[in-house]
Amino acid sequence: MKANPQRTISELKELRALTADENGAQRVAWTDTWLKARAWFEAKLAELPVEHHYDDAGNSWTTLKGDSDKAMIIGSHLDSVPNGGWLDGALGVMTGLEILRRFAAEYNGRPPVTIRVVDWADEEGARFGRSLLGSSAFAGTDTIAVDRVRVDKDGIHLEDALRRCGVEIDRFPESQAEQKNAAAYLELHIEQGPVLERLGLPLAVVLGTKGVERHSITFHGQEAHSGSTPMGDRKDALAPLAKLALEIYGIAGKHKDAVCTIGSVKTYPGIVTAVVGRCEATLDQRDLDAGALAQMYSEAKSASEQFAAEHKCTVEWSRIWSIEPIPFHPSLLEFCEQSIEETTETSLLLPSGPLHDAAEVSRIGIPTVMMFVQSLYGISHNKIEDTKEEHLQLAIEAMDRLATKTAAWIRENA
């Protein structure tokens, strides 16, 4: 018996029609549209022999009880960024539901192992800036003290938005109870980048999620009149940052899959008639290798100090956030590669630059793997996000094969 990919594709289109407008998907977590999407999902469970509940972090759990309590979890997230795409996150959840249906039909409602589908709450962090909120609570890596006071653009606190949806942030730790009997976690996601399309391949094995080092950098110079200050006498705080913005390309280029991004720049006083006295920027660096990540940070910091000195300025660094590289489970990587090759004959191994809920699951020791499907134009978080339907079908078929292999592995090791 096999899963029905066309049903999943049809349901994804149904969800798009329900929760998107002319600008794209609007399933931002903790909003009415997101709650509508979750209610729509729950309605899909009516004819299935499953138990459904929300945990204390708002994560949605659907459980098909098996002969073994050991559970294979398949999931992703239904929430989106504002004006987002129709597949980001939702593909993984709906594929999980289709695989659960297949197991229920094949084994008359009682598969060899327990099958669980999870829709993680607020993966995107689009409204309050805190990504992976629900999965971090599940993993016990939540940051309640910091998160409770986060506010959205309208001044609403995260704690209040959660309470409106029936979630109390102080009870987040109780969601760790869902870890019990978790034996493996599988996630299908669109690539969100251009690599698969460039190579003409539909699917890839995800090796793991890259580690992230994120810093704020402030160059201090001297404000001065732009008309009367000779070029050689200036302490222009923008000049060293401009050099660093180019230097990071060479720093990242030393490592095959590394990326470095200066994503925001602010200058002060920020007027056309003044030399910049202070320049603030953010630097995001990512790589799957912890040693490479440390080297990139060290080289960027040294370069900033050199450029600051060249322009008679000073520089300060402050860490905003960091997460270690998260490699996925070797046995599940092998199963994933086999499943893709059985479906398409050709597989590719890629690291993930974006973070995913799978990283939070993996970092607490639950065997985890992800599969990517090609994204057209490499675009995501945008209304034009898309994937060829034939590639979606291949992805769902390959995930179904992966689930079969993983369930057998869990059974053998139970």
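Predicted model: local features only at pLDDT ≥ 70, side-chain atom pairs only at ≥ 80, totals over all residues.
Helix α10 spans residues 330-344 and helix α12 spans residues 389-413, and their axes come within 8 Å, crossing at roughly 140 degrees. That angle makes α10 oblique to α12, since the roughly antiparallel class takes in only angles over 145 degrees. The crossing of α10 past α12 is right-handed. On the α10 side, the contact is built from S331, L332, F335, C336, Q338, S339, I340, E342, T343 and T344, while α12 brings in L394, E397, A398, R401, L402, K405, T406 and W409. Sorted by class, that makes eight nonpolar, six polar and four charged residues.

Next up is T95, which sits in helix α3 (residues 90-106). Setting aside neighbours within four places in sequence, T95 touches T8, L188, I396 and M399.

Y268 and P269 are linked by a cis peptide bond, with omega at about 10 degrees; P269 lies in the loop between β11 (259-268) and β12 (274-275). Two residues other than glycine have a positive phi: W30, with a value near 70 degrees, and H381, at about 55 degrees. W30 belongs to the loop between β2 (24-25) and α2 (32-43), whereas H381 is found in the loop between β17 (368-373) and α12. As for accessibility, W30 is buried at 2%, but H381 is partly exposed at 39%.

Terms used. Residues numbered from 1 in each chain as written. Heavy atoms only, no water. Axes fitted to C-alpha atoms, helices over the stretch in contact; angles between N-to-C directions. Helix = DSSP H or I, 4+ residues; strand = E, 2+ residues; numbered from the N terminus. Parallel < 35°, antiparallel > 145°, perpendicular 65-115°, else oblique. Left-handed = near helix turned anticlockwise from the far one by under 90°. Contact = heavy atoms within 4.5 Å. Nonpolar A, V, L, I, M, F, W, Y, C, P; charged D, E, K, R; others polar. Buried < 20%, exposed > 50% of the residue type's maximum accessible area, 1.4 Å probe, protein only.
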